[in-house]
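The chain is shown first.

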Amino acid sequence: MYNPIKTLKTNTIGTLNMLGLAKRVGARLLLASTSEVYGDPEVHPQSEDYWGHVNPIGPRACYDEGKRVAETMCYAYMKQEGVEVRVARIFNTFGPRMHMNDGRVVSNFILQALQGEPLTVYGSGSQTRAFQYVSDLVNGLVALMNSNVSSPVNLGNPEEHTILEFAQLIKNLVGSGSEIQFLSEAQDDPQKRKPDIKKAKLMLGWEPVVPLEEGLNKAIHYFRKELEYQANNQYIPKPKPARIKKGRTRHN
Ligand SMILES: O=C(O)[C@H]1O[C@H](OP(=O)(O)OP(=O)(O)OC[C@H]2O[C@@H](n3ccc(=O)[nH]c3=O)[C@H](O)[C@@H]2O)[C@H](O)[C@@H](O)[C@@H]1O
């Protein structure tokens, strides 16, 4: 987390401001919540009725607790003020247009593989995640906003892999000779994560449709182009011929 205090302020004060605005103008509010509300889960897969297992003072706390209190505020405004809320618990998502410096695992592994750098696995790589492609998430969010489901809904792809399997898969799809490098484990890193999406299927008629490899190939294509673009676009000023006056040197 780049700036924990800003993260906490955005999730708490930001959500409070938006709820106040929604109340004033009579709008329906969508909270982009997260699988991180489940913390390092003791229940697997995670369904919406699981209360979670979060360290309130750990390195992830400003994000996790910030999102948890954002959910609390949504339901307080719903019950006390009649604000309409929709709460999506978004599981790990990836796709084109992720930031090069995002720092999450998908962009890190793809960029490392494309550049022949070691793929950095934190800990043993036995921790699991399930990744959804961005267009599936967008369709889920639209379906949620158009539904009458005001309680939280998981949106994610339940296909679960270890991070090490994931590193190998990305290496193969890129066709990279990169090594896999094991670094120290991240503190409080959730050891398992996989969404239970029964509720979204039943109440929104939604489920992810983009297979993992297809999504990864699209993300790889995007990052390959971005790297080419950056390599070809160093800004070297070149005066146009018409501006170069014959026989005269300018002294500034
Ligand atoms: O999308 C989500 O649900 C959450 O994803 C992330 O949390 P996390 O699941 O830890 O996502 P990554 O940072 O991408 O890490 C996934 C796993 O890969 C590992 N990892 C990450 C980066 C890396 O270079 N190497 C590596 O092994 C991490 O230790 C972790 O076990 C973000 O911290 C949250 O903002 C977000 O809500």
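This is a predicted model: local features need pLDDT of at least 70, side-chain atom pairs count only at pLDDT 80 or more; totals for chains, interfaces and linings use all residues.

## Annotated region

An unreviewed UniProt entry carries the annotation "domain: NAD(P)-binding" for residues 3-218.

## The β-α-β unit

Strand E1 (residues 28-34) and strand E2 (residues 84-90) run parallel and are joined by seven bridges. Arginine 28 has glutamate 84 of E2 opposite it. Together with helix H2 (residues 61-81), E1 and E2 form a right-handed β-α-β unit.

H2 consists of 21 residues and spans 28 Å from first to last C-alpha, close to the 30 Å expected at 1.5 Å a residue. Its buried residues are Ala61, Asp64, Gly66, Lys67, Ala70, Glu71, Met73, Cys74 and Tyr75. Helix H1 (4-25), E1 and E2 are among the elements covering the buried residues of H2. After H2 comes glycine 82, with a positive phi near 75°.

## Nonpolar cores

The largest nonpolar core has 25 residues, of which Phe94, Phe109, Phe166, Ile170 and Leu216 touch the most other members. Two or more residues of this core come from each of helix H3 (105-114), strand E4 (119-122), helix H5 (163-174) and helix H7 (212-232). A second, separate core has 12 residues, including Leu137, Leu144, Ala200 and Trp206.

Neighbours within four places in sequence aside, phenylalanine 94 is in contact with Val106, Phe131, Gln132, Tyr133, Val134, Leu212, Gly215, Leu216 and Ala219.

## Backbone details

The peptide bond from histidine 44 to proline 45 is cis, and its omega is near -10°. Proline 45 lies in the loop between E1 and H2.

Arginine 97, although not a glycine, has a positive phi, near 75°. It sits in the loop between strand E3 (93-94) and H3. Arginine 97 counts as exposed because its relative accessibility is 75%, and the cut-off for exposed is over 50%. Aspartate 188, also a residue other than glycine, has a positive phi near 65°. The loop that holds aspartate 188 lies between strand E9 (180-183) and helix H6 (198-204). With 29% relative accessibility, aspartate 188 counts as partly exposed.

Technical notes. Residues are numbered from 1 along each chain as its sequence is written. Side-chain values use heavy atoms; hydrogens and water are left out. Two strands pair if DSSP finds at least two bridges between them. Helices (H or I, at least four residues) and strands (E, at least two) are DSSP runs, numbered from the N terminus. A crossover is right-handed if, with the strands pointing away from the viewer, the path from the first strand over the helix to the second runs clockwise. UniProt positions are given in the numbering used here, feature names are shortened, and annotations may be inferred rather than shown by experiment. The expected span of a helix is 1.5 Å times one less than its number of residues. Buried means under 20% relative accessible area, exposed over 50%, partly exposed in between (1.4 Å probe, protein chains only). Contact means heavy atoms within 4.5 Å. A nonpolar core is a set of buried Ala, Val, Leu, Ile, Met, Phe, Trp, Tyr and Cys residues joined through side-chain atoms within 4.5 Å.
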